Amino acid sequence: MAALTPISRKPLSFVLPILAAAGALVGLFFGTANGSGLIGIVAGAVLVAGLGYAYVEVLKNEKTALWISLAVMVVLGIYLAGIPGIVLGLFFGWFFWWFTHWLFEGRYRARLLPYLTPGQVLWHYSFRVICGLIFFFLVSPLVPVIWLSFNAQDFFTFTPEMLRFDPAGYSLKHYQDFFTNGEWQRSFKNSLIIAPIATVISVSLGTLAAIGLSQSHVPFRRAIMAILISPMIVPLIISATGMFFFYSKIGNFMEGTMGLDKNLVGYFKVVLAHAVLGIPFVIITVTATLVGFDRSLTRAAANMGANPVTTFFKVQMPLILPGVISGGLFAFITSFDEVVVVLFVGSAGQKTLPWQMFTGLREQISPTILAVATILVVISIALLTTVELLRRRSERLRGMSPA
Amino acid sequence: MRVNENMESTNMKMKTILLTTAAAMIAAPAFAASHMANEMTIVSWGGAYSKSQLLAYDEPYSEMTGTTIIHDDSSAEAVAKLRAMNEAGNVTWDVVDVVAADAIRLCDEGLALVIDPDKDLAPAPDGTPASEDFGDLLVSECYIPQIVYSTTFGYRTDMVGDTPPTDICAVFDLEAYPGKRSLEKRPINNMEWALLCDGVAKGDVYDVLATPEGQDKALAKLDTIKDQVIWWNAGADTPQLLADGEVVMGSTYNGRLFSVIEEQDQPVAMLWDAQVFDLDGWIIPAGLSPEREARARDYVRFATDTQRLADQAKYISYGPARMSSAPLVGKHAELGIDMAPHMPTDPNNAKNTFLYNYEFWADYRDDIDAKFQAWLAQ
């Protein structure tokens with residue numbers, strides 16, 4: 001992108017305090033990790049401001065400054081943290097070199113509109129930093145989980161070998177355990193059976209309910225809506241207890257009187273229970289998309305001789321599809337993540353992944369749970385990426401630009 | 001013509017496929033039904049303990065009888081779940097592994113079947129009847145003990161200096177052994193240890209603990225280390241805390257400590273002093289259909305015979321409940337080390353022990369629990 005605003009160098013009285021503050025912030029973390037936060041703050045501030053002064057006043061050569069910066073920070077990193085310090089040193093060396101020149105040369109203004117006041121410029125960057133921090137807050141808990149899943153030991157502990165990036169401290173044995181252990185495989189298979197069927201049921205019933213409730217002639221619409229979404233509001237443990245007794249009776253009848261297989265009945269109970277939990281999500285998302293649906297389209301279709309079923313599949317369904325799909329995703333995740341209801345309603349034959357993780361966490365803190373969590377994260381990311389790519393593709397085919 | 005012939009053969013193929021599918025669909029439930037008839041659900045604790053049962057009992061039993069065994073690691077909430085299942089008339093468990101205290105409760109409530117040891121259990125190889133072979137360990141008429149385990153302390157060998165603790169009172173000695181300790185979040189065992197280290201003689205512990213003053217005395221002793229205690233709920237917590245170096249010592253089941261020390265190779269050692277013995281074993285839930293009950297009895301008879309109990313000790317360091325099994329205890333299946341010195345019942349380890357007092361805790365548990373929880377919240 002071309003520069004919008006002509007830039008000029010900034011005075012040192014502006015650059016150095018900011019560099020010192022940034023150095024102090026980073027120094028605080030390293031100082032605390034190595035014993036004294038205060039020393040870290042002072043040392044960080046002095047080091048970063050001093051280096052910055054040296055680059056712009058003494059050296060006056062950006063390329064050389066980069067090499068010096070990297071060398072200084074890597075040596076410091078090795079001194080403070082050994083081999084992993086190299087990675088951190090390279091990062092911070094590059095960052096402070098870039099940050100110094102970005103400030104000093106006034107590059108931070110280049111891509112902003114020329115008439116912005118200093119306050120607006122400050123807010124522009126503060127806003128990005130805040131967004132970054134929120135992102136960090138949301139994602140950072142996953143990092144140790146993924147990292148620890150490669151632990152060579154059977155504990156949730158960062159061993160010295162792991163911190164030194166010693167290959168001996170890492171292992172894929174927890175992944176191997178997941179793929180070879182019968183209990184994990186059985187529960188994974190059960191999750192893959194139960195969640196999709198429950199999703200299909202929730203999506204069909206939830207979409208029908210939402211369409212029905214959007215008709216103006218239905219009596220007691222609000223009351224019916226409230227009852228239908230109640231599984232989302234009632235505490236899960238309460239619905240689970242109720243479902244346990246309800247489905248026990250049904251299960252006894254199906255096994256005893258109808259003579260059905262015990263396992264089949266077990267799946268039937270869990271799938272229905274999960275479908276009930278998924279329906280509110282579908283109703284809410286589909287109702288939201290129906291608000292923007294133009295009723296005259298169905299009348300136009302009827303005018304041209306289409307019966308209501310054809311109208312639904314050819315006209316209404318394609319238009320509310322985004323709501324149906326996102327509702328279905330929620331229903332799938334609800335079933336795939338659910339542990340309370342399945343603990344009550346299911347028997348050991350219907351043990352799902354969350355159940356296995358729950359008991360595993362209680363009885364034996366094994367990193368296999370972390371390996372499974374990592375695999376699930378990867379699957380979720382792949383699933384959401386696929387949906388997003390398909391959405392963009394269909395928008396492209398329809399001649400819209402992706403929003 | 002040719003086209004027609006082709007059509008015909010395709011038709012034939014379709015028909016065959018359809019017929020096969022139909023046959024399969026009719027046969028499937030029948031197959032599933034016969035399959036189901038030979039499937040049982042065994043409830044246990046999970047982790048290394050379930051694994052030892054799988055290797056010592058379940059795999060040989062499946063091989064012998066063709067029964068498929070499904071595991072449910074729900075022993076921790078066995079009492080509550082069995083009550084609910086019984087109320088709903090839908091007992092899905094066939095055999096349940098519980099501690100003795102839970103077995104006594106389940107037996108009192110009529111949720112477990114009464115067992116006649118001499119009739120239902122295998123005699124020792126030399127013909128000694130089961131009731132004598134198990135001896136005092138048959139603490140309830142519904143209960144078939146399997147193992148003796150103990151709750152004891154492990155400590156970090158690299159955090160205790162040159163004088164490793166040998167005495168239970170090291171737990172209360174913050175000067176000699178500074179650092180956090182992990183204790184179970186319930187009064188049982190902790191109250192006894194506290195009184196023992198407050199100068200009460202071992203024989204008087206339960207008499208003192210029966211009085212409100214004695215309970216206050218125990219809590220006062222625990223108060224001296226309260227802000228250095230991490231409370232645990234699951235048996236896996238203390239091993240994790242010890243491996244992390246977050247605690248200098250902590251109580252847990254001896255088999256968990258064995259796994260930390262020998263299998264995971266952590267710098268941890270056992271403090272056997274004042275270990276508390278408890279039992280773990282089987283009950284058969286009431287309300288099973290006759291054929292399931294017969295199979296459950298058959299399984300339990302097999303799984304608690306002399307050889308099977310001795311086999312389990314190959315995989316985990318818990319002592320077999322039968323006297324006749326003790327001489328058969330051999331080496332660890334993978335590590336090849338002698339298991340006998342790691343048993344809580346080994347004479348070297350059992351110099352100073354407690355046996356969980358079922359009667360006392362049955363009578364006083366609710367009161368002392370309430371007091372303990374109130375003290376915790378202070």
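The C-alpha centres of domain 1 and domain 2 of chain A lie 54 Å apart. Domain 1 of chain A covers 12–109 and domain 2 of chain A covers 177–366, with bounds from an automatic or database domain assignment. The model is predicted: local features need pLDDT of at least 70, side-chain atom pairs count only at pLDDT 80 or more, and totals for chains, interfaces and linings use all residues. Residues are numbered from 1 along each chain as its sequence is written, and chains are lettered from A and ligands numbered from 1 in the order in which they are written.

Contact here joins 21 residues of domain 1 of chain B to 14 residues of domain 2 of chain B; two residues are in contact if their C-beta atoms, placed from the backbone, lie within 7 Å. On the domain 1 side, α2, α4, β4 (144–156) and β8 (268–283) of chain B each supply at least two residues. Helices (H or I, at least four residues) and strands (E, at least two) are DSSP runs, numbered from the N terminus. That side of domain 1 of chain B holds 16 nonpolar residues, four polar and one charged. Ala, Val, Leu, Ile, Met, Phe, Trp, Tyr, Cys and Pro count as nonpolar, Asp, Glu, Lys and Arg as charged, and the others, Gly among them, as polar.

The contact between the chains takes 23 residues from chain A and 26 residues from chain B. On the chain A side, the elements giving two or more residues are α12 (236–256), α13 (262–291) and α17 (353–363). The largest share, five residues, comes from α12(A). The chain A side divides into six nonpolar, eleven polar and six charged residues.

Helix α17(A) has buried residues, among them A:L353, A:W355 and A:E363. A residue is buried if 20 or more other C-beta atoms lie within 10 Å of its own, with C-beta atoms placed from the backbone. The cover over the buried residues of α17(A) includes α9 (182–213), α15 (308–337), α16 (340–345) and α18 (368–397) of chain A, together with α2 (47–65) of chain B.

In chain B, α3 (78–88) meets α4 (100–108) through B:A78, B:V79 and B:L82 on α3(B) and B:D102, B:R105 and B:L106 on α4(B). By class, this contact has four nonpolar, no polar and two charged residues.

Key. Axes fitted to C-alpha atoms, helices over the stretch in contact; angles between N-to-C directions. Buried ≥ 20, exposed ≤ 12 C-beta atoms within 10 Å, placed from the backbone.
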